[in-house]
Amino acid sequence: MSDYNFAYLDEQTKRMIRRAILKGVAIPGYQVPFASREMPMPYGWGTGGVQVSAACLTPEDTFKVIDQGADDTTNAVSIRKFFEFTAGVAVTEHTGEATVIQTRHRIPEEPLREDQILVYQVPIPEPLRFLEPRETETRKMHALEEYGLMHVKLYEDISRHGNIATSYAYPVKVEGRYVMDPSPIPKFDNPKLEMAAIQLFGAGREQRIYAIPPYTQVISLDFEDYPFDPSKADHPCDLCGAEHTYLDEVIIDDAGGRMFVCSDTDYCAGRQADGHRGRLSPIQEAAE
Amino acid sequence: MTNPLFSVRDVAKYYGGRIGCADVSFDLYPGEVMGIVGESGSGKSTLLNCLAGHLTPDAGQILFDTRTGGVRDTREMSEPERRMLSRTDWAFVHQHARDGLRMSVSAGGNVGERLMAVGARRYDTIRAQAIDWLGRVEIDESRIDDRPTAFSGGMQQRLQIARNLVTGPRLVFMDEPTGGLDVSVQARLLDLLRSLVREMGLSAIIVTHDLAVVRLLADRLMVMKSGYVVEAGLTDQVLDDPQHAYTQLLVSSVLQV
């Protein structure tokens with residue numbers, strides 16, 4: 001154990017963050033302001049998510065961090081080590097074993113349970129930011145439920161590209177009231193926002209926390225004649241053969257060769273361990 | 001006799017000790033166009049902003065005959081009601097088109113915004129209406145996906161008008177709609193405004209310092225000076241037979257070509 005207070009932040013700060021979380025849970029999709037602290041990492045690396053995780057962790061928890069679906073990238077490894085060191089909690093790469101999961105840009109493929117918490121790192125919590133730059137005005141629009149402008153963005157997409165080209169941070173309406181930015185997850189993950197686990201969103205630089213309680217209605221905005229489409233690359237995974245997962249495209253040579261692999265590394269590894277094989281799986285293993 | 005659409009009673013706005021406008025009262029009937037003229041600083045823009053709900057007047061009543069709730073004082077409406085009104089039954093045309101348009105959104109999106117704000121959710125319908133309105137303000141259909149930044153000043157102003165009229169408002173506020181445009185473009189815009197006003201049976205309040213504009217568009221005229229209305233009446237009557245010294249000065253100051 002280290003000389004830090006449990007999970008780095010002092011108890012009063014965690015208390016303040018928990019109050020913001022409770023308010024966020026009480027008003028699904030509403031952005032609650034909180035006094036974000038300086039964290040020992042730069043803004044943009046997940047300072048908001050880290051503060052929310054710190055406020056949620058207990059010594060008995062098992063912690064997992066995802067960065068773009070992967071457990072082994074710099075961001076994920078650093079944050080996992082940070083809490084291993086400052087909180088002494090158990091860590092894991094397996095979605096099913098974790099009780100608190102901090103994520104950036106993805107929702108795990110494996111369905112989450114009621115006893116799990118999913119914490120998102122959010123760069124820009126305001127879905128109307130690039131349409132209406134005045135924060136005073138966007139707050140008023142949220143308060144008065146004036147969301148016509150959100151559809152102007154979708155209209156622009158269709159008129160320019162022929163379909164709704166927004167593919168990540170796709171705006172959603174929560175429980176028929178607040179329009180919310182689900183953080184930059186691919187729109188493929190949007191239908192999964194209605195889940196059994198509690199979802200907490202932390203934006204450190206912008207000093208906002210919001211939440212989706214379990215089993216809350218989350219609807220992706222669309223037009224009647226251009227309905228929402230949670231699209232993905234039209235390939236199976238080249239390592240595990242899965243056809244229902246979100247894929248990363250990886251360039252493998254300079255002759256146009258490429259492969260598609262599950263972005264959720266833990267899920268892909270689990271399927272391979274169960275004997276699933278894809279197009280580029282090692283041959284001798286496939287022959288077994 | 002029909003009831004007035006819009007009635008103003010003793011409206012006043014003070015900036016500290018100074019008067020913005022004071023003791024302004026008038027009735028506006030459906031289909032009528034009212035001009036407000038006066039020199040810079042005479043309080044005409046302050047008055048227009050008070051009437052349109054952009055400023056809160058310090059005294060007086062602003063009564064509007066709403067579609068559903070009968071005659072209501074807009075000052076006593078809740079903010080959501082007032083904002084709803086200004087998106088549906090009211091329209092505001094700014095002097096600078098840039099203040100009234102979203103410059104980063106295409107022409108079609110600009111026209112469609114009001115429709116989407118009141119709940120239109122079919123892309124095809126919104127697009128068809130946008131095309132229809134661009135045609136009415138003489139903007140070619142092929143420009144629908146261009147941004148207003150690519151438009152000339154006159155086109156921007158016409159786009160702003162289309163964007164405001166698409167929800168079929170009954171009352172339009174215009175703040176110097178022809179300001180900053182050259183004379184030939186001005187003439188076309190005035191022509192367009194006149195036919196739209198007649199076609200749709202709009203009521204309008206037009207603030208301007210250009211007497212030619214009111215002569216062409218307005219049925220009635222109010223002349224303001226130092227925050228007070230000094231003369232009011234039928235446009236032709238006021239311009240041809242001005243009674244107040246200031247109005248006489250105003251009319252005689254117009255340059256003749």
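Two bridges link strand E1 of chain A to strand E9 (residues 208–212) of chain A, and the two strands run antiparallel. Across this pairing, A:Val32 sits opposite A:Ile209 in E9(A). Strands here are DSSP runs (E, at least two residues), helices are DSSP runs too (H or I, at least four residues), and both are numbered from the N terminus. Two strands count as paired if DSSP finds at least two bridges between them.

Before going further, a word on what you are looking at. This is a predicted model, in which local features need pLDDT of at least 70 and side-chain atom pairs count only at pLDDT 80 or more, while totals for chains, interfaces and linings use all residues. Residues are numbered from 1 along each chain as its sequence is written, chains are lettered from A and ligands numbered from 1 in the order in which they are written, and side-chain values use heavy atoms, with hydrogens and water left out.

**The sheet and the hairpin of chain A**

E1(A) belongs to an open sheet of seven strands with mixed pairing, in the order E1-E9-E8-E5-E4-E2-E3. At its edges are strand E1 (32–33) and strand E3 (90–91) of chain A, each pairing on one side only. In a regular strand, side chains alternate between the two faces of the sheet.

Further along chain A, strand E11 (residues 247–251) and strand E12 (residues 258–262) run antiparallel and are joined by five bridges. These strands make a hairpin with six residues between them, and A:Gly256 in the turn has a positive phi of about 85°.

| Chain | Helices and strands | C-alpha span along principal axes |
|---|---|---|
| Chain A | seven helices and twelve strands | about 60 × 55 × 35 Å |
| Chain B | ten helices and ten strands | roughly 55 × 50 × 40 Å |

The radius of gyration is taken over C-alpha atoms, and the globule rule is 2.2 Å times the number of residues to the power 0.38. For chain B, with 257 residues, a compact globule would have a radius of gyration near 18 Å, and the chain's own 18 Å agrees.

**Salt bridges**

A salt bridge is a side-chain nitrogen of Lys or Arg within 4 Å of a carboxyl oxygen of Asp or Glu. By this rule there are 39 salt bridges over all chains. One of them pairs B:Arg163 with B:Glu113, whose closest N and O atoms are 3.0 Å apart. B:Arg163 lies in helix H6 (residues 153–165) of chain B and B:Glu113 in helix H4 (residues 107–117) of chain B, so the pair ties together parts that are 50 residues apart in sequence.

**Where the chains meet**

Contact (heavy atoms within 4.5 Å) involves 21 residues of chain A and 22 residues of chain B. The area buried between the chains is about 1,900 Å², with carbon and sulfur atoms giving 54%; buried area is the accessible area (1.4 Å probe) that two parts lose on being put together, summed over both.

Seven salt bridges are counted between chain A and chain B. In one salt bridge, the side chains of B:Arg87 and A:Glu146 meet at 2.9 Å, N to O. Helix H4 (135–143) and helix H5 (148–161) of chain A each supply at least two residues of the side of chain A that touches chain B. H5(A) gives the most to that side, with nine residues.
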